[in-house]
Amino acid sequence: MMAVLLLVFQDTLLSLVASVTLSSNDMVRVGDWIEMPSQNADGDVIDIALHTVKVQNWDKTITTIPTKKLISDSFKNWRGMSESGGRRIKRALYLDQNSVRFLDEDGQARLRRFRLLADYLQRKDGELDAWNARLAEQGRERVNQRRITNLGTFRAYVEAYLRAHPDIHDGMTLLVRQLPPGPTGLPLEVYCFTRTVAWGPYEGIQSDIFDHLLAILPEFGLQVFQQPGGADVRRLHRVRGADRDRGLVDDDRRLFEVPADRAGDRQHILEVGAAVLVRRRADSDEDDVAEGHRLGGIGGESQAAGIVVGAHHRR
C-alpha cells in the first residue's frame with residue numbers, strides 16, 4: 001500500500017523537496033533572469049509554484065519548467081550580474097595579420113598626437129632604449145633590436161581608451177588581449193564591464209566603443225579582416241572586364257599591347273596571327289617563313305606584331 005502511495009504522489013513529493021531546496025538555498029526568486037537551454041527558457045521568472053516555475057522569455061513567450069528540473073538540471077541565474085553593478089563586454093576585433101608592422105620614426109611621431117598614448121610611448125621609448133643599449137655592437141642592426149609595433153601600440157590605446165571611458169567600470173576586470181590567430185584573422189579581445197546592467201544602455205555603450213575602435217583603426221595602419229563580400233566580387237569582375245582577355249594578366253609577361261580603341265575584329269586577327277607565328281617559329285624557320293607568307297594579307301601591322309612576339313619567345 002505504501003509503495004502504491006509513493007508511486008501516486010511521486011511527482012508531488014519530488015516537487016515539494018525541490019521547492020524547499022530552491023527556497024532554502026535562495027537559488028531562484030521571482031524577477032530573476034535565468035537561462036536554461038535544456039528547457040528553452042531564457043528570461044525573467046514570473047511565478048514559482050509547487051509543481052512549476054514560469055519564465056517569461058525575451059520574445060514574450062512563457063516557458064513552464066517542472067520545479068524538480070531546477071534541482072536535477074543546471075541553469076544560469078543572472079542575479080549576480082544584476083547585483084554586482086557591472087555587465088561584461090567580451091568581444092573581439094579580427095585584424096588582418098598582413099597589416100602588422102614595426103613603427104618607423106614618422107609613424108611614432110604621427111601617433112604621438114594621441115593624448116592617450118603619451119605615457120605609453122614615453123615609457124616604451126625608455127624601456128626599448130635601455131634594452132637595445134645592452135646589445136652593444138649587435139644592437140646596431142635593426143633586426144636585433146626591440147621596436148614598437150603598430151599592433152602593440154593599438155592595444156595600449158584601446159586599454160587607455162577604456163580606462164578613460166566614463167561608462168566603463170574601473171573597479172572590475174579590464175583586459176585587452178590577443179587570442180590565437182586563425183583563418184579569420186588575429187582576434188584582439190576587449191574584456192571589461194560597464195557601469196550599468198540595463199540591457200539597452202549596455203548595448204549602446206558596447207556599440208559606441210566598437211564604432212570608435214573600427215573608425216580609429218586605420219590611424220595605426222591596421223586593417224580589419226573579413227571574408228570577401230559581394231562588393232569584392234563585383235570589383236574583381238570589373239578588373240577582369242577591363243582586361244582585353246577577360247582575365248587577369250601579369251604586365252611583366254604581356255607580349256604586346258593592343259590599343260584600347262582598335263576595332264575588335266582587327267585585334268582578334270592580330271592576336272591569332274601572332275599566335276600562329278609563335279607556334280611555327282618553335283617548329284622550324286621554314287614553317288615560320290611559310291606561315292608568314294600565308295598571313296601576308298593581314299598587313300604590315302600583323303607582321304610587326306609577329307616579329308615582336310617571336311623575339312619574346314626566343315628569350
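The model you are viewing is predicted. Leu-50 sits in the loop that links S2 to strand S3 (52–57).

Together with Leu-50 they make a nonpolar patch on the surface. The accessible area of the three together is about 250 Å².

Next, go to Asp-26. Look in the loop between helix H2 (10–24) and strand S1 (33–36). Asp-26 has a positive phi, near 55°, and is not a glycine. Most residues other than glycine have a negative phi. Is Asp-26 buried or partly exposed? Asp-26 counts as partly exposed, because its relative accessibility is 35%.

Move on to Asn-40. This residue lies in the loop between S1 and strand S2 (41–48). Asn-40 also has a positive phi, near 55°. Its relative accessibility is 64%, so Asn-40 counts as exposed.

Last stop: the largest pocket. Its volume is about 260 Å³. Select Gln-108, Asp-129, Arg-142, Arg-146 and Arg-147, the closest to the pocket centre of the 14 lining residues.

Then colour the helices around the pocket. Helix H5 (105–111) and helix H6 (118–133) each give at least two residues to the lining. Which element supplies the largest share? H6 does, with five residues.

Finally, colour the lining by class. You will find eight charged, three polar and three nonpolar residues.

Methods
Residues are numbered from 1 along each chain as its sequence is written. This is a predicted model: local features need pLDDT of at least 70, side-chain atom pairs count only at pLDDT 80 or more; totals for chains, interfaces and linings use all residues. Side-chain values use heavy atoms; hydrogens and water are left out. Helices (H or I, at least four residues) and strands (E, at least two) are DSSP runs, numbered from the N terminus. Buried means under 20% relative accessible area, exposed over 50%, partly exposed in between (1.4 Å probe, protein chains only). Patches are made of residues with over 30% relative accessible area and no salt bridge: like charges are joined within 9 Å, nonpolar side chains (Val, Leu, Ile, Met, Phe, Trp, Tyr) within 5 Å. Accessible areas come from the Shrake-Rupley method with a 1.4 Å probe; for residues, only the protein chains shown count as cover. A salt bridge is a side-chain nitrogen of Lys or Arg within 4 Å of a carboxyl oxygen of Asp or Glu. On a 1 Å grid over the protein atoms alone, a cavity is a set of points where a 1.4 Å probe fits but cannot get out, and a pocket is an open set with protein on both sides within 12 Å along at least five of seven lines; lining residues have an atom within 4 Å of a point. Grid points are joined across faces, edges and corners, and a volume is the space filled by probe spheres set on the points. Ala, Val, Leu, Ile, Met, Phe, Trp, Tyr, Cys and Pro count as nonpolar, Asp, Glu, Lys and Arg as charged, and the others, Gly among them, as polar.
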